[in-house]
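Thank you all for making time this morning.

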Amino acid sequence: MLKYIIKRALWVIPTLLGVLIILFGLTYLMPGDPASAMLGPRATPELVAELNERMHLDRAMPVRLGYYLVGIVKGDLGTSVWSGHKVSSLLAEALPHTALLAFTSLGIAALIGILLGAFAAVRRDSPIGGAVTIASLLGVAIPDFVAALLLMLLFCVQIPILPALGAGTDDGLIGIAVHLILPATALGIGWVGYLARLTRESMLDVLDADYIRTARAFAVPGRAIAYQYALKNAVIPSITVIGLGVGKLLGGAVFVEIIFSRPGLGKLIVDAVYARDFPVVQGGILVATALFVLANLLADISYAFVDPRIQYD
Amino acid sequence: MSEPLLEVSNLTLDYNLGGRKMRALDRINFTLEKGEVLGVAGESGCGKSTLGLAILRLLPRVAEIRRGAVFFKGTDLLKLSEEQMELEIRGQEITMIFQNPQNALNPVFKIETQMTDILRVQDRNQNPGSRKRHQHYRKQAIERLKLTGIADPEARVSNYPFEFSGGMKQRVMIGMALSSGTSLLLADEATTALDVTIEAQINKLIIDLAAEYGISVLYVTHNLGVLAEMADKIMIMYAGRIFEMGEKEMLFGSPRHPYSAALLESLPSRQKKGRRLLSIPGFVPPLDRLPKGCSFHPRCVFAEDICRKQVPPLTEVASGHWSACLLDQKRGRQKWQWT
C-alpha cells in the first residue's frame, strides 16, 4: 500500500510541471500588456521598458519560465502588479477561505449524497426512495449561483437569520461556521443530488450482483448487506467523480465567493484577471491546479483503500 | 417410510417480464432423501437454476411462485416468514454454492471478513446471544479452508478473492457452505466455470464432504457426464418441466424419454469411436412461446400427432422411474435410437 501511495504521489510533480508550462504560455497569449496596465495610459516608453526589464518581460519565453520556476522553488511567485504585495502572501491569505468552503461543502455533500443514494436504492419501491430520487434530481438541476441567490434571498432577506456577506473571521470560530452555512450549502447542493443519483445507480447494479446473492444465501442481515457489502462496491464511481469534480467545485466556489463577498481564491483570481495582474493570475491558477491534483491524489489513494485490486495494477 | 428431507410438490413459478409471463417451473414434483445426491440436468434455460433459487427463496424480483409447496423436514418453506428463512434455513440447514465463483465472492472484502461474517451469523442464529470474539471465527474459517484443501490457510485467509483462482474460490464457497449443521446443499452449476481437471477435484470435494456430514445435495448441471459419477438420482428438465426422473442406473441404462436418450447419446464417452456425436436439432424454445402439446415435439424425431396436441403428464413408468412422454406411455418401453 505504502509503495502504491508513494508511486502515485511522485506523479504529482510532472503533472504540476506540465500545468505550469501550459499556464505560463497561456497567460502571455492574453491580450494586454502588464507593464502598461500597471503604469497606466500615460506611462512613458522608458518607464514601460524599465518595468519590462525588472519583470524579465523583455527576455525570451524559456528564460522567463526559468526565472519563474526558480522563484517557485524559493517560494516566490512574484509580485502583484497592482498592489505590490507578494503573490504568495496574497494566496496564503485567500487559500484557507476557499479550501475551507470547498472541502466542508464537498465533505458534507459526499456524506449526505452517498448515504441518500444508497438509501434510495435499498428502498427503491417505497415512496421515500422515490422522493429521494426526485429531490436529488432537483439538486442536480439547480446551478450553484442560483442556489446561492435563492438561499440568500430566503435566509438573509425573507427570514434574516443568517449573515449574507463576508467570511466572519472577526467573530471567532462560531462566526466562521455561521458564515459558512449558506455558501457551503449553495456549493454543495448540486453535489448532494449528483452523488445521490450516481450512488443510487451503481448501488442498484451492485445489489443484483452474484456476491450479494451469496450473502443473502448465507443469511447475512439485510442492513449489513446493503450498507457494508454493497455500499463499499457502489461507492467506487463516486470517488472518481469527486476527485475529478474538484475542478468544477473550485469553479463554483468563484461564483459563490463573489455572491457572498467572501475572500478567497476565486475572488482573487477573478479580480486579477480583470486587472490583468498576471503574476496573481498565474499563482492563483497554479494553486488551484495544485488543489485539484491533490484532490485526485487523495481520490486515488482512497480508491486503493476501498478496492484492493487497484494497487496491484 | 420416513419423511423425506425435501419434498417439492407441484411447484409452479412464472417470470413476469414486461407484461409477458414465462412459466419457468411447471408442476415440479420430487423428493430428496437424507444423504442422497439428486442431479438435475438439462440445457440452458430449462429452469434448473430457478429451482435451486426457489427452494431458498432467493428468486429475482420478477419471479412469482404461482402454486405448490417446498417441504423441508415437513415444513413448507414457502410459508415461512423472511425472518424465519434467515434465522433457520439460509446458511444453516440449506446452503447454496453458485455458478460463477469469480463473482460469487465480494471483490472488496478479504476472505477472512466474508467467512467470519457468515460464521458469526450462523453461530448467533444457532445460539442467540453468543458473543464470541473475531479470533474464534477466524480460527473456524481457517479450519474450513483447510478442510477444503486450500494450502497455507492461515495466510490465505487474509487474501482478497482476486488473489485466488476460480477453483480455489469455489473451494472457499464450499468451505462456507458445508458444515456439520447443514442438511441440504444446493449446487447451481458449481463447476461449470472451471476447467475439467479442477471440475473433477471440486466435485469430488463436494461429494466427499457431503458424505462425511450426511448432507443431501441437489446438484444442478448441464453436464450429464458429471452426474454419471456423482449422483444417486437424476432429474432431466426441459423448458420448466420434469421430463424424466429416476435412479441413475435406471435412467442411464434405459432412458424412457426421447430427450434423455438424446442427451445420453450426445455424451462423448457413450459413443463408439469414429461415430459422430449426436447433436439435438433446434434449441430450447423461449418460455413465453412454448409449442403446444409436448414442448419438445418440434425437436423430437419420434414425434407423432398426439405429441402436438396433448401435454404429457409425468407418469411413473416403472417403480421409482418417472417419465413424461406420451409415446412411451402409450406403447411401453422402447429404445429411442436417435442415430
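Before anything else, a word on terms: axes here are lines fitted to C-alpha atoms, for helices over the stretch in contact, and angles run from 0 to 180 degrees between N-to-C directions. Contact means heavy atoms within 4.5 Å, while helices (H or I, at least four residues) and strands (E, at least two) are DSSP runs numbered from the N terminus. Please keep in mind that this is a predicted model, in which local features need pLDDT of at least 70, side-chain atom pairs count only at pLDDT 80 or more, and totals for chains, interfaces and linings use all residues. Residues are numbered from 1 along each chain as its sequence is written, chains are lettered from A and ligands numbered from 1 in the order in which they are written, and side-chain values use heavy atoms, with hydrogens and water left out.

With that in place, look at helix 11 of chain B, residues 258–265, which lies across strand 9 (233–238) and strand 10 (241–247) of chain B and runs at about 105° to strand 9.

Those two strands belong to an open sheet of eight strands in chain B, with the order 6-7-8-3-9-10-12-11 and mixed pairing; two strands count as paired if DSSP finds at least two bridges between them. At the edges sit strand 6 (94–97) and strand 11 (315–318) of chain B, each of which pairs on one side only. Neighbouring strands of this sheet are turned by 20° against each other on average, direction ignored. As a reminder, strands of a sheet pair through backbone hydrogen bonds, either parallel or antiparallel.

Is strand 3 of chain B buried or exposed? Taking buried as under 20% relative accessible area, exposed as over 50%, and partly exposed as in between (1.4 Å probe, protein chains only), five of the five residues of strand 3 (residues 37–41) are buried, so the strand is largely enclosed by the rest of the structure. Both of its faces are covered, with B:V37, B:G39 and B:A41 on one side and B:L38 and B:V40 on the other.

Turning to loops, B:D152 lies between helix 5 (134–147) and helix 6 of chain B, and it has a positive phi of about 55° although it is not a glycine; at 48% relative accessibility, B:D152 counts as partly exposed. A:A219, in the loop between helix 10 (210–217) and helix 11 (222–234) of chain A, likewise has a positive phi, of about 60°, without being a glycine, but A:A219 is buried, with a relative accessible area of 3%.

Chain B comes to 13 helices and 12 strands, and chain A to 14 helices and zero strands. In chain B, 54% of the 339 residues count as buried; in chain A, buried residues make up 46% of 313. A compact globule of 339 residues would have a radius of gyration near 20 Å, and chain B, at 21 Å, agrees with this; the radius is taken over C-alpha atoms, and the globule rule is 2.2 Å times the number of residues to the power 0.38. Along its principal axes, the C-alpha trace of chain A spans about 85 × 55 × 35 Å.

Finally, the contact between the chains, which takes 22 residues from chain A and 32 residues from chain B. Chain A and chain B bury about 2400 Å² between them, 63% of it on carbon and sulfur atoms, where buried area is the accessible area (1.4 Å probe) that two parts lose on being put together, summed over both. On the chain A side, A:R213, A:F218 and A:Y229 lose the most area to chain B, together 29% of what that side buries.
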